[in-house]
Amino acid sequence: MIMTAKHVAPRTLFAGTIAAVAIAVAAIWLAYSISRSDAALSPVPAALPQVVVSHPLEREVDSRLGFLGQFSAVEQVELRAQVGGTLTEIHFKDGDIVHQGDLLFTIDPRPYEIRLAQANAQLETAKARLELADRELVRAQNLQRSLAGTAQNVDQRTADQRSAQAAVDDANAQIRDAQFDLDHCRIAAPFTGRIGTHLVSVGNLIAGSRAATSPTTLLATLVSLDPIYLDFDMSESDFLTYSRERARHKGGGADKVEVALSDETQFAREGTLDFMDNVLNRSSGTIHARATVPNAELLLTPGVFARVRLIVGAPAPSLLVPDTAVLPDQSQHIVMTVGPDGKVAAKQVEIGDLRGGLRVIRSGLAPSDEVIIDGIPHAAPGAKVAPQDGTIRYGTGEGQG
């Protein structure tokens with residue numbers, strides 16, 4: 001069967017229409033895909049890092065200086081015997097608190113008891129001779145008055161009487177000397193304190209010397225505890241600050257010290273600065289100072305380290321910021337602030353000690369500055385940030401720092 005042109009034309013027209021529609025759809029899809037690709041490649045503006053800012057806290061604080069000190073005993077003694085002999089008794093336990101007058105050691109007293117008995121016997125002999133010399137002197141004087149005796153005989157009896165008196169005096173001295181040795185066979189505590197370990201056991205022969213002219217045996221050591229010294233060294237600049245403030249107060253008001261042990265966060269202990277050396281150490285550039293601290297509970301021990309705060313000035317307005325907001329910069333310190341344009345700026349500051357968990361800023365910061373107190377790792381000098389208002393709070397731990 002042969003088809004005519006009249007039947008072919010409609011089919012061709014339908015096919016062309018479908019092709020045109022397909023081309024249009026493809027073009028629209030291509031344009032949409034390109035627009036999405038361009039949108040994906042175009043950068044999205046990044047959000048500014050957020051930081052918390054606050055004005056420095058204004059508060060009146062006194063001026064203080066901080067040091068590291070070490071405790072030492074007010075009284076310290078090496079117990080040594082003044083007489084020699086065999087150690088027979090030890091009357092304490094190592095490390096005990098002993099009181100003034102407590103018996104600590106006993107040395108065998110028998111040799112000194114014998115010597116004392118001999119001295120007493122010599123005294124009795126000397127007294128008997130003195131009585132005889134007195135009677136003979138009286139007889140010689142009576143004979144001279146009756147012209148039966150001579151002046152030479154009186155002089156002789158007078159010399160005998162004086163010699164006998166000297167023998168009595170010497171015997172008395174020998175008794176006191178023997179009694180002294182006997183008394184020092186018992187070694188007692190010269191003051192109240194803590195005794196160390198005994199260095200000689202019972203049965204050992206003790207070497208003693210009154211004037212320490214010969215080697216003596218060390219028996220033990222004793223240190224006092226209440227009160228106790230706290231020694232520390234003050235730099236030249238701190239010494240000048242202290243001296244000026246003390247001169248301004250005419251010698252008073254600058255002698256109070258506050259003390260905290262290494263495991264304490266608060267300066268709950270108080271003492272009095274009672275000694276300042278008279279020369280500055282040339283090699284170290286420091287001057288030695290000493291405070292006396294009460295130690296009624298006997299907790300403080302010689303050799304222990306402690307932090308010392310010396311109050312040298314009356315309360316004055318100061319700026320405080322969190323200690324975490326102060327960044328070390330080699331030998332200096334900086335604080336990050338945010339300006340009105342939202343840019344970060346670093347300010348060099350001079351810092352003081354800690355008060356209530358906050359760091360005192362001596363200079364370099366204004367009360368109107370916006371200090372970054374949180375989000376510091378996201379803040380770089382010159383970068384823009386999104387500041388949020390925060391609050392600086394003064395902690396209750398006044399003793400910190």
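Two strands are taken to pair if DSSP finds at least two bridges between them, and helices (H or I, at least four residues) and strands (E, at least two) are DSSP runs numbered from the N terminus. In these terms, Gly-85 stands opposite Ile-206 in E9. The model is predicted, so local features need pLDDT of at least 70 and side-chain atom pairs count only at pLDDT 80 or more, whereas totals for chains, interfaces and linings use all residues. Residues are numbered from 1 along each chain as its sequence is written, and side-chain values use heavy atoms, with hydrogens and water left out.

The chain contains 4 helices and 21 strands. Of its 401 residues, 33% count as buried (under 20% relative accessible area, with exposed over 50% and partly exposed in between; 1.4 Å probe, protein chains only). Contacts are defined by heavy atoms within 4.5 Å. Among those between residues at least 6 apart in sequence, 77% join residues at least 24 apart.

An open sheet is formed by 4 strands in the order E7-E6-E4-E9, with antiparallel pairing. Its edge strands, each pairing on one side only, are E7 (186-188) and E9 (205-206). E9 pairs with E4 in the antiparallel sense over 2 bridges. The loop between E9 and E10 holds Thr-217, which counts as buried because its relative accessibility is 19%. Leaving aside neighbours within four places in sequence, Thr-217 is in contact with Leu-79, Arg-80, Ala-81, Val-200, Leu-205, Ile-206 and Ala-207.

Helix H2 comprises 36 residues (110-145) and should span 52 Å at 1.5 Å a residue, which agrees with the 53 Å between its end C-alpha atoms; the expected span is 1.5 Å times one less than the number of residues. The buried residues of H2 are Tyr-112, Leu-116, Ala-119, Leu-123, Ala-126, Leu-130, Ala-133, Leu-137 and Ala-140. These buried residues pack against helix H3 (151-183). Just after H2, Leu-147 adopts a positive phi of about 65°.

A nonpolar core is a set of buried Ala, Val, Leu, Ile, Met, Phe, Trp, Tyr and Cys residues joined through side-chain atoms within 4.5 Å. The largest such core has 32 residues, and those with the most contacts inside it are Phe-92, Val-98, Leu-104, Phe-105, Ile-107, Ile-195 and Ile-206. The elements giving two or more residues to this core are E6, H2, H3 and strand E10 (218-223), and the largest share, 7 residues, comes from H2. Not counting residues up to four places away in sequence, Val-98 touches Phe-92, Leu-104, Ala-189, Phe-191, Thr-192, Gly-193, Ile-195 and Leu-222.

The structure holds 2 aromatic pairs. Rings of Phe, Tyr and Trp (its six-membered ring) pair if their centres lie within 6.5 Å; planes under 30 degrees apart count as stacked, over 60 as edge-to-face and the rest as tilted. Phe-67 and Phe-232 form a stacked pair, at 5.1 Å centre to centre with 25° between the planes. Phe-67 lies in strand E2 (residues 57-73) and Phe-232 in strand E11 (residues 228-235), so this pair ties together parts that are 165 residues apart in sequence. Both Phe-67 and Phe-232 are buried. Phe-92 and Phe-105 form an edge-to-face pair, at 5.3 Å centre to centre with 85° between the planes. Phe-92 is in the loop between strand E4 (85-90) and strand E5 (97-98), and Phe-105 is in strand E6 (residues 103-107), 13 residues apart. Phe-92 is buried, with a relative accessible area of 10%, and Phe-105 counts as buried at 0% relative accessibility.

Strand E14 (residues 286-293) is mostly covered, with 7 of its 8 residues buried. E14 pairs with E11 in the antiparallel sense over 8 bridges, and Met-234 stands opposite Ile-287 in E14. Strand E13 (residues 269-276) and E14 also pair in the antiparallel sense, over 4 bridges; the bridge partner of Phe-275 in E14 is Arg-290. The charged end of Arg-290 sits over the ring of Tyr-229, 3.9 Å from its centre. A charge sits over a ring if NZ of Lys or CZ of Arg is within 6 Å of the ring centre and within 35 degrees of the ring normal. The charged end of Arg-309 sits over the ring of Phe-267, 4.0 Å from its centre.
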